[in-house]
Amino acid sequence: MVSPIDNPVTESDTDARRPDTTLAMIVYALLLGVFVTGITPVIGVIIAYVYRGNGPRWLDEHYRYHIRTFWIGLLYACISWVLAFVLIGFVLMALQAVWLIVRCVIGFKALQERRAPDKVDSWLW
């Protein structure tokens with residue numbers, strides 16, 4: 001039998017090596033914060049740009065997913081606002097809200113499972 005003294009890798013050591021996913025969770029929350037204030041996604045994408053490349057590959061893919069979600073969402077928002085003049089934009093705004101929620105939930109679920117989100121390059125989800 002191996003005692004904890006003889007075994008150099010303990011449970012606390014493995015927890016210490018696990019990457020911190022708190023900032024990635026916060027970025028997902030900031031992206032969803034667009035429904036409360038318009039500035040939180042900008043803060044979230046800045047955090048994603050700063051912290052990408054500082055963790056394991058699967059965590060970097062989350063930051064890439066955040067960045068793509070921000071820029072694609074901004075494009076969809078601009079298109080919706082332009083098309084709001086012909087009234088179809090209001091429907092697109094509602095669809096964009098659903099798109100954002102689904103994309104963040106998918107990413108958050110993958111983050112909880114400590115894996116990269118599926119289809120990071122997708123424009124949908």
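1. Cys-78 is partly exposed in this predicted model, with a relative accessible area of 45%, whereas Cys-104 is buried at 2%. The number of disulfides found is 0.

2. The salt bridges, of which the structure holds 6, include a group in helix H4 that deserves a careful look, as Arg-57 and Glu-61 both lie in that helix, 4 residues apart, or about one turn. Their side chains meet in a salt bridge with an N to O distance of 3.5 Å. Arg-57 is exposed, with a relative accessible area of 64%, while Glu-61 counts as buried at 12% relative accessibility.

3. Glu-61 also takes part in a salt bridge with Arg-64, in which the closest N and O atoms are 3.2 Å apart. Arg-64 and Glu-61 are 3 residues apart in helix H4, so about one helical turn separates them, and Arg-64 is partly exposed, with a relative accessible area of 34%. Salt bridges link Arg-57, Glu-61, Arg-64 and Asp-121 in a network.

4. Another of the salt bridges joins the side chains of Arg-115 and Glu-113, with 2.6 Å from N to O. Both residues are partly exposed, Arg-115 with a relative accessible area of 29% and Glu-113 at 41% relative accessibility.

5. Which side chain of opposite charge is nearest to Arg-103? Arg-103, which lies in helix H5, is buried yet has no salt bridge, and the nearest side chain of opposite charge is that of Asp-121, 7.7 Å away. A salt bridge requires a side-chain nitrogen within 4 Å of a carboxyl oxygen, and Asp-121 is itself a member of the network that includes Arg-57, Glu-61 and Arg-64. Residues up to four places away in sequence aside, Arg-103 touches Tyr-65, Arg-68, Thr-69, Val-120, Ser-122, Leu-124 and Trp-125.

6. The aromatic pairs come to a count of 3. In one of them, the ring centres of Phe-70 and Trp-71 are 4.9 Å apart and the planes stand at 80°, so the pair is edge-to-face. Phe-70 is buried, with a relative accessible area of 13%, whereas Trp-71 is partly exposed at 44%.

7. Tyr-76 and Trp-123 form a tilted aromatic pair, with 6.5 Å from centre to centre and 50° between the planes. Tyr-76 lies in helix H4, which spans residues 57–83, and Trp-123 in the segment after helix H5 (88–112), so the pair ties together parts that are 47 residues apart in sequence. Both members are partly exposed, Tyr-76 at 22% relative accessibility and Trp-123 with a relative accessible area of 44%. Ring pairs also bring in Trp-99, linking Tyr-76, Trp-99 and Trp-123 into a cluster.

8. Finally, Tyr-51 lies in helix H3, which covers residues 40–51, and is partly exposed, with a relative accessible area of 35%. Leaving aside neighbours within four places in sequence, Tyr-51 is in contact with Leu-23, Asp-60 and Tyr-63.

Methods: Residues are numbered from 1 along each chain as its sequence is written. This is a predicted model: local features need pLDDT of at least 70, side-chain atom pairs count only at pLDDT 80 or more; totals for chains, interfaces and linings use all residues. Side-chain values use heavy atoms; hydrogens and water are left out. Rings of Phe, Tyr and Trp (its six-membered ring) pair if their centres lie within 6.5 Å; planes under 30 degrees apart count as stacked, over 60 as edge-to-face and the rest as tilted. Buried means under 20% relative accessible area, exposed over 50%, partly exposed in between (1.4 Å probe, protein chains only). Helices (H or I, at least four residues) and strands (E, at least two) are DSSP runs, numbered from the N terminus. Lys and Arg count as positive and Asp and Glu as negative; His and the chain ends are not counted. Contact means heavy atoms within 4.5 Å. A disulfide is a pair of cysteine sulfur atoms within 2.5 Å.
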